[in-house]
Amino acid sequence: MRPIRRKQHIQVTEDPQTGRRRILGLSQEEDTLDGGSIDTSLYRHQFFLDCGCDSSRIGGRCFQCGAISCTACHGRCYFCQMPLCLQHSHFLETPTQERIRLCGRCHSQITRKQKFQKIKRTILSFFIQPDSDDE
């Protein structure tokens, strides 16, 4: 069995920060001549993404660490729309029981704002008396 033709398909992405290429998928096709017939063999190698999922559907690259995530694990910050992996996502529950994904910067801004509002309410509660209907 002698190969007549070989093809190699490589799916790569390039890291914009380091300039290095990263292989996401690799397939090799080989045509051989055996006994008067041409046989084709196809080999596919699948690499895992940084999120631990297989590389069938790529969602994007995290802006903080450069990790590549699948579409299920990848998301964007609710406020600044920066791409995020699961490791750098902070989730915040809204009063309607909806979970929103935030980057570290937006999460710290919102939690800081919530803490200041609680402190402000506590201080103002000493000066503002609730209305009583007994008078």
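A: A polar contact is a pair of N or O atoms within 3.5 Å; within protein, one must be able to donate a hydrogen and the other to accept it, and residues adjacent in sequence count only if both atoms are side-chain atoms. In this predicted model, local features need pLDDT of at least 70 and side-chain atom pairs pLDDT 80 or more, while totals for chains, interfaces and linings use all residues. Residues are numbered from 1 along each chain as its sequence is written, and side-chain values use heavy atoms, without hydrogens and water.

Arg76 sits in strand 6 (residues 75-76); strands (E, at least two residues) and helices (H or I, at least four) are DSSP runs numbered from the N terminus. The side chain of Arg76 reaches the backbone oxygen of Gln81 at 2.8 Å. Beyond neighbours within four places in sequence, Arg76 is in contact (heavy atoms within 4.5 Å) with Gln81, Met82, Pro83, Leu84 and Arg101. Arg76 counts as partly exposed because its relative accessible area is 47%, where buried means under 20%, exposed over 50% and partly exposed in between (1.4 Å probe, protein chains only).

Outside the four places on either side in sequence, Cys103 is in contact with Phe63, Cys77, Cys80, Leu84, His88 and His90.
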